[in-house]
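Dear colleague,

I am handing over the structure below, and after it I set out what was found. Please have the sequence open beside the text as you read.

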Amino acid sequence: MEIRLENVSYTYNTQQNNTDKNALNHISLNINQGEYIAVIGKTGSGKSTLLHILNGLIKPSEGTCYMDGKNIHEKGFPIQKMRQKVALCFQYPEYQLFEETVLKDICFGPENLGLSKKEAEEKAREAMKLTGLTADMENLSPFSLSGGQKRRVALAGILAMEPDCLVLDEPVAGLDEPGRKQLFDILEKMNQRGVTVILVSHNMEDVAAYARRVLVMHEGELLMDNTPENVFSDEKIMQKTGLKRPVAVQFFYNLTGDGELPDQGTMTSPKIPLTLDALADWILERNRSTGGEK
Ligand code: ADP
């Protein structure tokens, strides 16, 4: 499935002082099936609004949102079906858990889509496996689980509807380190199965480690749409947005001289280490090629 935004703007009409808030300005972009995209930018830059536009939750004030070439807000477009295919996972989705048992909660979505109880349970059990929830949890109350487990139940409820695209607003917010890792592993697994992942994150380490494309939002504008390597090596973008480079990238620049890009090779993206593991490899390789000189 392909999603395309053409010149999309969005304005919130606020009652206070009768002022309008321009949250998105003339955004155009294309998202292909199977991409893994992070949306970054300061608070208030328009990230959540962009996610809500992508999932069809809100309608652009200007411009058009297309799915597979069709305007999703045109009469006759099956927008409910589309929201199942482009599933939005809100911040702290576990707040929306409500059923008595884990299994019932995960079945809620697929049953709502018209599946029989048996079919819904099949999908739910598959989603439990995908999210690392064990069969003995089926009959537990979701409220008796840990924070990370509750988050995974909420995510399983979404996966049980078999979306083509997952749109997630700060999916690991509030989780401890093992919980974050587990959740990112699930997203990686889904992405490897061809599911598009689009997520908002404030954590540049996570963005560098997982995303393969980064959308930089700034005051409602799409300032940059590129690889993490290109985004994090762009000094102007970092300064303008006030975003911090991932530790590995910063360390790399401290070692190689600020702002310089050694050995860009012939790749379109500079070869900079995005994670500490990649940085360690780069240092080892450098030492090897200089014969251990300091
Ligand atoms: P981000 O997700 O990057 O923090 P948002 O998309 O939430 O940014 O917000 C973009 C802009 O729109 C901000 O200036 C914010 O104050 C404003 N905004 C967001 N939601 C509303 C709303 N419901 N009513 C009015 N203004 C809003």
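A residue is called buried here when its relative accessible area is under 20%, exposed when that area is over 50%, and partly exposed in between, with a 1.4 Å probe and protein chains only. By that rule phenylalanine 184, at 3% relative accessibility, counts as buried.

Two remarks on the source come before the rest. This is a predicted model, in which local features need pLDDT of at least 70 and side-chain atom pairs count only at pLDDT 80 or more, while totals for chains, interfaces and linings use all residues. Residues are numbered from 1 along each chain as its sequence is written, and side-chain values use heavy atoms, with hydrogens and water left out.

The buried residues of α6 are Gly179, Arg180, Leu183, Phe184, Ile186, Leu187, Met190 and Asn191. They cover an arc of only 150° around the axis, which puts them on the same side of α6, the arc being that of the directions from the helix axis to the C-beta atoms. An α-helix has 3.6 residues a turn, so residues three or four places apart point the same way. What covers these buried residues, by contact (heavy atoms within 4.5 Å), includes β3 (36-40), α4 (117-130) and α7 (204-210). The face turned away from the buried side carries the exposed residues Glu177, Pro178 and Gln192. Just after α6, glycine 194 takes a positive phi of about 100°.

The structure holds six aromatic pairs, where rings of Phe, Tyr and Trp (its six-membered ring) pair if their centres lie within 6.5 Å, and planes under 30 degrees apart count as stacked, over 60 as edge-to-face and the rest as tilted. The rings of phenylalanine 184 and tyrosine 210 have centres 4.2 Å apart and planes at 5°, so this pair is stacked. Because phenylalanine 184 lies in α6 and tyrosine 210 in α7, the pair ties together parts that are 26 residues apart in sequence. Tyrosine 210 is also buried, with a relative accessible area of 17%.

Methods:
Helices (H or I, at least four residues) and strands (E, at least two) are DSSP runs, numbered from the N terminus.
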